[in-house]
Amino acid sequence: MDNKKRPFSEKTSRAPVSQRSQSFEKIKKGSLGATIKAVIDDIELNVPMGTTILEAAKSINVNIPTLCQHDDLCLAGVCRVCVVEVEGQRTLQAACSYPITAPINVKTYSPKVRRGRRNIIQLLLRNHYGECYSCSKNNNCELQALAKEYGIRTYTFGHIEESRYEQDDSSYSVERDMDKCVLCRRCVRTCIDLQEVGVLEAVERGAETKIATYLNKPLDDVICINCGQCINRCPTGALKAKNSTEEVWTAIDDPTKHVIIQTAPSPRVAIGEEFGLAPGKSMTKQLNTALKRMGFDKVFDTNFTADLTIMEEGTELLLKLKDALVNKKKVALPQFTSCSPGWVKYVEHFYPDKLEHVSTAKSPQQMFGAIVKTWYAKREGIDPANIVSVSLMPCSAKKFECERPEMDDSGFKDVDFALTTRELAGMIKECGMDLPNLPKAEFDDPLGTGTGAALIFGSTGGVMEAAIRTVYEIVTGEEVPFNKLRITPVRGTEGIREAALPIKKAKSDWKFLEGATLKVMVGHGTANAKKIMDMLCRGELSDYHFIEIMACPGGCIGGGGQPIPTSPEIREARANAIYKEEEGLPYRKSHENPTVNMIYKEFLKEGPCGHLSHKLLHTKYTPRGKWIGKKKVAK
């Protein structure tokens, strides 16, 4: 992969040297010895020096099975499932970590190779305990698929019959079942390399090796940020998101409950993959039909509160700038976005002294819950105690977020249950519905209107683009000077991006900004967040004003609750679908959302960042630090 596209931070990695990203530098075309002749299964090809056997085989559509290898992660070479026969080599070699540096002749499916792979899979199955029928990864398990592919019918090396580990279900978001772990270390590399959190590690040696947390503490006692990226890369069912579907079914079946669901844009553009569609097919309106048929009383659009978030967060930024430039007050700038709960918990753990930089605006999920159990409940004449508020989110960290004790400003738990894309797909299948072939339906009133600006929240850079569209127009009275509102400098997949926007003229209320240049930055994945936060600590961001961070690679479209598998290409396809859908919407700027404007007129009458909106739509954070164990949270 092009290093610029790698979602993790290369230069500041805290990972041990042995676990940092490993890659072979390919010789440029035209250089001496630039390409080397390789023969794979009697097919001749020339490859750049340093190309691995696995990459060379892929280029000619020769499939070599893998397990520990993942396109998002560094090389590991620990599972050996990808072994091949290299002429002149006494033993089989791992194709994923064998660089081609001299002419080579490779056999990928010789009798020796097939026998070797079958033995390796048998050894993995020997220590894999659990019932496939009840496993969350049934029919999507890479080990199960390999066993089928290699015709495993019996356990040649035996099979353990009893559980060896206690399941860890302490977290609101992630559950661990180490009986199903095959020690591929994808979770370790994800947590250390991709996210630079470092909760998981391989401990002990040889046959005693296992994946563990610090001192084998439960997940809710360590510095896990609940992002769920480890789940998305686990090849078996050793890691999974906590499942809330039974609680939601119970609520739907209870006639005394008024059950509403809000759906975020990222699940809508990914859920089709669970039904066999290629990545990048939006199922928004088919999903509305499915949810209504399942029994939800109302189906609403999270984009409504994404627009509300822009109004609150954008106003918060402008007020900070006014305090700094006009009132000469000391304020924490740059301001960071706050809608990614994994990112918020990352700051709470790793940079607790910088929490004042994080916007106090709640995420769209939590704002929605607060509005539903106050304004909506009163408008519809429903006792908020009888409202069950459900959200469809791309993110396992949303499950933790809605359980935060401070998220009850409505007088009730703002959001009762957060479902991941995978969970809801399972519920739809349980009803026997074929999602892609359902008729289309609109969202319900009154909370079913969202703008294009809100829709692109799902992709990295989307929150920043939405904020710029609104803040620039509020300050100048004019649209942003970008063709079709496409603010391209903040779009893309590079880990960190930035943009500068001159404000040549300003309206009277914001005259102090005339002549200034708005500087913004965007980062995705907490490895890149670390890089940005280290810049903040070194005082290198003093001339920046607003920074967007999403905890997951690619933003919400790559969230820990999204369909498995994930890869850079899949995330790019989902993002492209969101941008395509966005340009067809009637409203494309958050401040143009008619329902948002109605809410400010009828309910939050003091406007954005007013007293009531601050009570319901803003929050506070807990400086957790790297505390191991329970920590008293802010209230």
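## Contacts and overall shape

Two residues are in contact when heavy atoms of theirs lie within 4.5 Å of each other. Keep that in mind as you look at this predicted model. Take the contacts in the protein chain between residues at least 6 apart in sequence: 75% of them join residues at least 24 apart.

How does the overall size fit? A compact globule of 635 residues would have a radius of gyration near 26 Å, and the protein chain has 25 Å, so the two agree. Its C-alpha trace spans about 80 × 60 × 50 Å along the principal axes. There are 19 helices and 17 strands to spot in the protein chain.

Of the 635 residues, 59% are buried. The protein chain still has an accessible surface of about 26,500 Å², and carbon and sulfur atoms account for 50% of that. As for charges, there are 88 positive and 80 negative ones, and their mean positions sit 4 Å apart.

## A four-stranded sheet

Now find the open sheet with the strand order β12-β17-β16-β15, where the pairing is mixed. Strands in a sheet pair through backbone hydrogen bonds, in either a parallel or an antiparallel way.

Which sense do β16 and β17 use? Strand β16 (residues 517-524) and strand β17 (residues 546-550) pair in the parallel sense, over five bridges. For one spot to check, G523 has I549 in β17 as its bridge partner.

C552 sits in the loop between β17 and α17 (568-582). Is C552 buried or exposed? Its relative accessible area is 6%, and the cut-off for buried is under 20%, so C552 counts as buried. Leaving out residues up to four places away in sequence, C552 touches several others, including Q195, C227, H524 and G559. M598, on the other hand, is 46 residues from C552 in sequence and 33 Å away in space, C-alpha to C-alpha.

P565 lies in that β17 to α17 loop too, and the peptide bond from I564 to P565 is cis, with omega near 15°.

Another cis peptide bond joins D445 and P446, with omega about 5°. P446 is in the loop between α13 (421-430) and α14 (452-455).

L183 isn't a glycine, yet it has a positive phi of about 60°. You'll find L183 between β6 (174-176) and α4 (186-194), in a loop, and it is partly exposed at 27% relative accessible area. E196 isn't a glycine either and has a positive phi of about 50°. E196 is in the loop between α4 and β7 (201-203), and at 2% relative accessibility it counts as buried.

Technical notes:
Residues numbered from 1 in each chain as written. Predicted model: local features only at pLDDT ≥ 70, side-chain atom pairs only at ≥ 80, totals over all residues. Heavy atoms only, no water. Helix = DSSP H or I, 4+ residues; strand = E, 2+ residues; numbered from the N terminus. Rg over C-alpha atoms; globule rule 2.2 N^0.38 Å. Buried < 20%, exposed > 50% of the residue type's maximum accessible area, 1.4 Å probe, protein only. Areas by Shrake-Rupley, 256 points an atom, 1.4 Å probe, with all protein chains shown as cover. Lys, Arg positive; Asp, Glu negative; His and termini not counted. Charge placed at Lys NZ, Arg CZ, Asp CG, Glu CD. Pairing = 2+ DSSP bridges.
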